[in-house]
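Please read the points below alongside the coordinates. They cover the sheet, the hairpin, the charged pairs and the aromatic contacts, in that order.

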Amino acid sequence: MFKKLCLTVIAFLFTISLSAREPETPYIIVLGTAQDGGYPHLGCEKECCRLAWSNPELKRFVVALALVDPGSGSWYLFEATPDMSEQIHYFRELTNARYKYLPDAIFVSHAHIGHYTGLMELGREAMNSAGVPVYALPGMSNFLRNNGPWDQLVKLQNIDIIDLSPGSVIALADNISVQAFEVPHRDEYSETAGYRIAAGTKKYLFIPDINKWKVWTGDIISVVRSVDYAFIDGTFYSENELAGRSMEEIPHPFITETIHLFGDESDETKRKINFIHLNHSNPALYDQKIIKKINESGFGLAEQGRKYW
């Protein structure tokens, strides 16, 4: 009996070591899964956030990904969130400080607070960085160059803005490339980018923010079929989530809508989807019944700290 128990423990520890080990090929780490306001959310005293206020382990950073290249020792950050300083520290913990402190480049999707305001940490009031490359579509680039305080980052050469053209492919290494494309969203200050990432033998899709799938000129089903992992907008679970507020003002695709849209797809295609950018009100953050329902439907939720490869 004791021998059997020992073998079980050894097998369990071996499984943990496999999940924690460094892949040899490029991969993605999820550094945050929450909507722009984070989880728990400022001013929220409802059950959804009370759980996280009382238990810090339930906290989730604002949506961000790290693209890691073990071969070259480089890494790239997708989104500069209000949690960026904590996320960079978190990245170092997850990778045993193997990589340089700041990313080799940052890719920003659009001018909503959860996606670019972390750039302030690179300014002279904070780290006072030197020439960190920041990739963005033209509207977002112009927003940073021509509006304070972001233009100061440019003038002081804390960041080096590099314009992306929709559809063009940027080669970061022989086996890593990034393609930005436009998606419809509330574009008050800039357009909104989604990203296709080819890393080693894997392909990833990153669309944290978008309006309803039907208003996009792209075909989300065919795009998901073409990748290995799809991190897509799961801001709200259903239309009943925000009492007293018109959901038409924030027309994200509900998780329930996306599940229905992919209802006739294969299990293999469904498994590629990992919902991300979850609003604090979204029961997929904390309700085990809802989480189980999503998983049993064949879909996943992006997991903070997990390596995807």
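1. Buried means under 20% relative accessible area, exposed means over 50%, and partly exposed lies in between, with a 1.4 Å probe and protein chains only. At 43% relative accessibility, E303 counts as partly exposed.

2. This is a predicted model, in which local features need pLDDT of at least 70 and side-chain atom pairs count only at pLDDT 80 or more, while totals for chains, interfaces and linings use all residues. Residues are numbered from 1 along each chain as its sequence is written, and side-chain values use heavy atoms, with hydrogens and water left out.

3. The sheet. Helices (H or I, at least four residues) and strands (E, at least two) are DSSP runs numbered from the N terminus, and two strands pair if DSSP finds at least two bridges between them. Seven strands make an open sheet with mixed pairing, in the order β6-β5-β4-β3-β2-β1-β14. The edges are β6 (159–163) and β14 (307–308); each has a single partner strand, so one side of each is left without a neighbour in the sheet. Inside this order, β1 (residues 27–32) and β2 (residues 64–69) pair in the antiparallel sense over five bridges, and G32 stands opposite A64 in β2.

4. Helices on the sheet. Contact here means heavy atoms within 4.5 Å; axes are lines fitted to C-alpha atoms, for helices over the stretch in contact, and angles run from 0 to 180 degrees between N-to-C directions. Helix α3 (residues 84–94) lies across β1, β2, β3 (74–78), β4 (105–107) and β14, and runs at about 135° to β1. Helix α5 (residues 138–146) also packs on the sheet, where it touches β5 (132–136) and β6, and its direction makes about 150° with that of β6.

5. A residue of β5. A136 is found in strand β5 and, at 0% relative accessibility, counts as buried. Leaving aside residues up to four places away in sequence, A136 touches V108, S141, I162, D163 and L164.

6. The hairpin. Strands β7 (residues 169–173) and β8 (residues 176–183) run antiparallel and are joined by four bridges. They form a hairpin with two residues between them. A171 stands opposite S177 in β8.

7. Salt bridges. The criterion is a side-chain nitrogen of Lys or Arg within 4 Å of a carboxyl oxygen of Asp or Glu, and the structure holds nine such bridges. R225 and E265 form one of them, with the closest N and O atoms 2.9 Å apart. This pair links distant parts of the chain, 40 residues apart: R225 is in helix α7 (residues 220–225), and E265 is in the loop between α8 (255–261) and α9 (267–271). R225 is partly exposed at 46% relative accessibility, whereas E265 is buried at 15%.

8. Two further salt bridges. The side chains of E188 and R186 meet at 3.2 Å, N to O; E188 is partly exposed at a relative accessible area of 47%, and R186 is partly exposed at 28%. R306 forms a salt bridge with E303, with 3.5 Å between the closest N and O atoms, and R306 is partly exposed at 33%.

9. Aromatic pairs. Rings of Phe, Tyr and Trp (its six-membered ring) pair if their centres lie within 6.5 Å; planes under 30 degrees apart count as stacked, over 60 as edge-to-face and the rest as tilted. The structure holds 17 aromatic pairs. F107 and Y135 have ring centres 4.6 Å apart and planes at 10°, so the pair is stacked. F107 is in strand β4 and Y135 in strand β5, 28 residues apart, and both are buried. F275 and F299 have centres 6.1 Å apart and planes at 35°, so this pair is tilted. Both F275 and F299 are buried. Ring pairs link F78, F107, Y135, Y195 and F206 into a cluster.

10. Charges over rings. The test requires NZ of Lys or CZ of Arg within 6 Å of the ring centre and within 35 degrees of the ring normal. The charged end of R196 sits over the ring of F181, 4.6 Å from its centre. K212 lies over the face of F254, at 3.6 Å from the ring centre.
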